[in-house]
Amino acid sequence: MPPARLRLNDGHMIPQLGLGIWQVPEATTAAIVAAALQAGYRLVDGAAIYGNEAGQGEGIRASGVPRDEVFVTTKVWNDDQGYDATLRAVEASLARLGMETVELCLIHWPTPARNLFVDTWRALIRLKEDGRVRSIGVSNFNGDHLERIIGETGTVPVLNQVELNPRLQQAELRDLHDRLGIVTQSWTPLGQGRSFDAAPVQTAAARTGKSPAQVILRWHVQLGVSVIPRSTRPEGLAENLDVFDFILNPEEMAAMAALDEGARCGPDPMVFG
Ligand code: NAD
């Protein structure tokens, strides 16, 4: 069953589940991206800093899947923040991808100490107007950062990609996103496997005959968020996509909610960068 799709606030659609390619070596990225698309993925989440945009583009072309069926994400790295630097950085990403446009470009981190994210956002608005990127969003932004870019530009990001997994459920931020019409997208959705052995995950896995990773990915789907797990193995790619043929019941969702500890795997966006 193909992944469901979510509507962005600019009218475009995004597949609910996609492939993340952080830490995938450039040399193997093309083959993994092509294999994922052939297995049914339609969203590939990359970034300039991942160092594998050329492989991301090459894999999409090699897959045989028409370009207009694939949703490509890239991100502006912290050192490229600021208006002119961002315009240059996105052109460089497009050149490495070998594409005229991408479906989504995000500000990778707010890096509040630099105080450049509003200028960076203005550059993304310009790139959208120029057709170089179709939709624009952010990553690792908190409520204050969101309110600032919206207040200063009037343009609401389509999506905020944040760390979200059973130990860090981001309920307050998800509520804010819902009020603002922003899609939540989960990074490190499997939480480094730290909840695989938790009783609610194991119990739901036993009932449904699914793996702990599939239960957790299904939990993301039922939260209504978009999710971008990373796997580099063919079996892992197939397993992670196969989460649209079962449903966690309300008791299982409630038990998953109780796993929240507010504990991060990654850095704190208030101080990172
Ligand atoms: P993830 O939660 O997707 O987990 C990846 C790890 O889980 C790998 O070690 C993989 O081998 C393992 N795994 C994958 N499928 C599995 C399965 N079915 N069973 C058991 N183990 C499995 O973590 P991630 O890569 O950190 O995050 C996903 C994507 O999010 C990244 O690839 C990247 O695209 C994006 N990301 C964005 C940011 C950001 O700041 N915006 C930060 C980190 C990651």
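I started at glycine 40, which follows helix H1 and has a positive phi, near 125°. A reminder to myself: this is a predicted model.

**Helix H1**

Next I looked back along H1 itself, residues 26-39. I checked its length: at 1.5 Å a residue, its 14 residues should span 20 Å, and the end C-alpha atoms are 20 Å apart, so the two agree. Then I asked which residues of H1 are buried. I found Thr29, Ala30, Ile32, Val33, Ala34, Ala36 and Leu37. I also looked up what covers these buried residues, and the cover includes strand S3, strand S4 (43-45), helix H2 (53-63) and helix H9 (234-241).

**The sheet**

I followed the strands next and found an open sheet of eight, in the order S3-S4-S5-S6-S7-S8-S9-S10, with parallel pairing. Which strands stand at the edges? They are S3 (19-20) and S10 (226-227); each has a single partner strand, so one side of each is left without a neighbour in the sheet.

I zoomed in on S7 (residues 133-139) and S8 (residues 159-163), which run parallel and are joined by two bridges. Valine 138 has asparagine 160 in S8 as its bridge partner. I also noted helix H3 (residues 83-97), which lies across S5 (71-76), S6 (102-107) and S7, and runs at about 140° to S5.

**The ligand**

Last, I turned to the ligand and found 23 residues surrounding it, the closest being Asp45, Ser139, Gln161, Leu190 and Arg230. A ligand nitrogen is 2.8 Å from an N or O atom in the side chain of glutamine 161. I found a ligand oxygen 2.8 Å from a polar backbone atom of leucine 190, and a ligand oxygen 3.2 Å from a polar backbone atom of proline 189.

Note on methods:
Residues numbered from 1 in each chain as written. Predicted model: local features only at pLDDT ≥ 70, side-chain atom pairs only at ≥ 80, totals over all residues. Heavy atoms only, no water. Pairing = 2+ DSSP bridges. Helix = DSSP H or I, 4+ residues; strand = E, 2+ residues; numbered from the N terminus. Contact = heavy atoms within 4.5 Å. Axes fitted to C-alpha atoms, helices over the stretch in contact; angles between N-to-C directions. Expected span 1.5 Å × (residues − 1). Buried < 20%, exposed > 50% of the residue type's maximum accessible area, 1.4 Å probe, protein only. Near = heavy atom within 4 Å. Polar contact = N/O pair within 3.5 Å; in protein donor to acceptor, adjacent residues only side chain to side chain.
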